[in-house]
Amino acid sequence: MKLGSERDAGLWYPMPAALTAVLARLQTLAGEPLFAAQRQIGLSRALRPYVESGTPAPLAPLPYEVELANLYVIADFYPEDGQLSLIEQLRDVVTEHIPEDERRWLDPLKHSSMDLVEVVKEEWIEDRVVLTLRSLGEDRRVFVEGEQGLRHLAVGDILLTRLIRPPDGTNEASRIVAGCALVLSASDGAALFDTTQEYRRAVEVQSGAFGMGEWGEFTKRYGHVLLWNFAQARFDALVEAVNDIRYLAPQGGPFLYALAMYDHDQPRFLCEGVGELKGFSQEPEGASRPTARIPSVECHTWLYCTPSVVTRLTVTPFLLLVECDSAERLEDIKHSLASTFGYALRFRKEAMDPPIRPIKEEDLAKTDRYEVLVTREEERALLRSFLESAYLDWADTASPALRGQTPRHAAATTSTRQDVIDLIRKLEGSDLGLLRTGQAAFDYDKLRSHVGLAESGA
């Protein structure tokens, strides 16, 4: 899919002046109050993947898609409120004088339809290029010619466009490109055709009408499906690009954005078990700690390297912290932990979404893996959001460190109040933000407040 730029994704084709003029008349008619609502229905149908993708949409339709959608409304769409189609209104309802050279284009436009055509031959006649095009749907060959817009096409390219037979054409196979075309590679064009054929078969099965006529008849009724499938291909390309992003940490190496937190009360058992996990090696104490602040409680860290660090496991007195470079790797680690430690771990929270970063369309066309450098501010924001979510219901969740009591209940009991105070201090001393950036990412006075303890001095 040529998504790198507007220039690469499609082409504009200069039309005869009379056709341009009659299309302008039809566009004006479509925008009049009596037809405006039906126009919106037609455009929403043609551009449905974008309409249904939510607000804000991850992708906006290309100008070529919008133009083809407008042509669909003009030439193929029949109003749902019983009005005549736009061409019928302009042709059959006498409200203004239409020059004959414009009127002659109305019937060819009405009988046109969208199509997928392959460039099978390129010829030059003086300073004009002549392309022979083959319809993928009916294997019929036509030709178009022009001075501009067709020069960067190559044999094998696929065009999603609307072709119009000139009203005064002496050659049966002569066609005009209706203003624009989307350009696809041979493989993407074939995939788009196959997907549309699958839709065609599904409609036949659902309606019981096996054999929906010729390809031209199908695209006249369902040409908008070609636009749907092109839009879906763009969305799929975006998802693939996002999934393939490599996030880099501010200090270099993979950014570990996939996080999980577990409660426990057996630090020695966990340290022994984590040390036996395949591929992990223990990090020397303090080797990668930020210099701004050192954790005030004992923490043990194990790293999985390939060769860069892609997973970090940190055992604190009451938490096991998991950090990975992808959601898939985090899932694998979670399964390993569950099979190794079982009920010794109590899952608290996870986060698998990387920092939100808009992807530009030109980035989708890159052949190299797309890399995003995460800033310290983005890292702190991600850690803060994760910890706030993890500790949201902490006060009322049974804690292994408090022998199954909730922190709120233990704090209200004289014999266990000091245990809660010590627990919060140790959580604060091993804050994930403190371990990664040297600055705490969470305000632990919130926990003290939730359980009825005085702030920091408790």
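On a 1 Å grid over the protein atoms alone, a cavity is a set of points where a 1.4 Å probe fits but cannot get out, and its lining residues have an atom within 4 Å of a point. The structure examined here is a predicted model, in which local features need pLDDT of at least 70 and side-chain atom pairs count only at pLDDT 80 or more, while totals for chains, interfaces and linings use all residues. Residues are numbered from 1 along each chain as its sequence is written, and side-chain values use heavy atoms, with hydrogens and water left out.

Two cavities of 30 Å³ or more were found, where a volume is the space filled by probe spheres set on the grid points, and points are joined across faces, edges and corners. The largest cavity holds about 60 Å³. Its lining is formed by Asp 263, His 264, Phe 318, Leu 319, Arg 348, Trp 394, Ser 399, Pro 400, Ala 401, Leu 423 and Leu 427. Sorted by class, these are seven nonpolar, two polar and two charged residues; here Ala, Val, Leu, Ile, Met, Phe, Trp, Tyr, Cys and Pro count as nonpolar, Asp, Glu, Lys and Arg as charged, and the others, Gly among them, as polar.

The second largest cavity has a volume of about 30 Å³. Around it stand Met 261, Leu 319, Leu 321, Leu 387, Tyr 391, Leu 427, Ser 430, Asp 431, Leu 432 and Tyr 444. This lining comprises eight nonpolar residues, one polar and one charged.

Attention now turns to helix packing. Helices (H or I, at least four residues) and strands (E, at least two) are DSSP runs, numbered from the N terminus. Axes are lines fitted to C-alpha atoms, for helices over the stretch in contact, and angles run from 0 to 180 degrees between N-to-C directions. The axes of helix 2 (residues 17-30) and helix 5 (residues 63-75) come within 10 Å and cross at roughly 80°. The two helices are therefore roughly perpendicular to each other (angles under 35 degrees count as roughly parallel, over 145 as roughly antiparallel, 65 to 115 as roughly perpendicular and the rest as oblique). In this contact (heavy atoms within 4.5 Å), Leu 23, Leu 26 and Gln 27 of helix 2 meet Asn 70, Leu 71 and Ile 74 of helix 5. Four of the contact residues are nonpolar, two are polar and none is charged.

Helix 3 (residues 33-46) also packs against helix 5, with axes that come within 9 Å and cross at roughly 125°. That angle makes helix 3 oblique to helix 5. From helix 3, Phe 35, Arg 39, Gly 42, Leu 43, Arg 45 and Ala 46 take part, and from helix 5, Ala 69, Asn 70, Tyr 72 and Val 73. The classes here are six nonpolar, two polar and two charged.

Helix 2 and helix 3 meet as well, their axes coming within 7 Å and crossing at roughly 100°. This makes helix 2 roughly perpendicular to helix 3. Gln 27, Leu 29 and Ala 30 in helix 2 touch Phe 35, Ala 36 and Arg 39 in helix 3.

Two backbone details complete the picture. Most residues other than glycine have a negative phi, and most peptide bonds are trans. The bond from Thr 306 to Pro 307, however, is cis, with omega near 0°, and Pro 307 sits in the loop between strand 10 (300-305) and strand 11 (309-315). Asp 139 has a positive phi, near 55°, and lies in the loop between strand 3 (128-135) and strand 4 (141-146).

Technical notes:
On a 1 Å grid over the protein atoms alone, a cavity is a set of points where a 1.4 Å probe fits but cannot get out, and a pocket is an open set with protein on both sides within 12 Å along at least five of seven lines; lining residues have an atom within 4 Å of a point.
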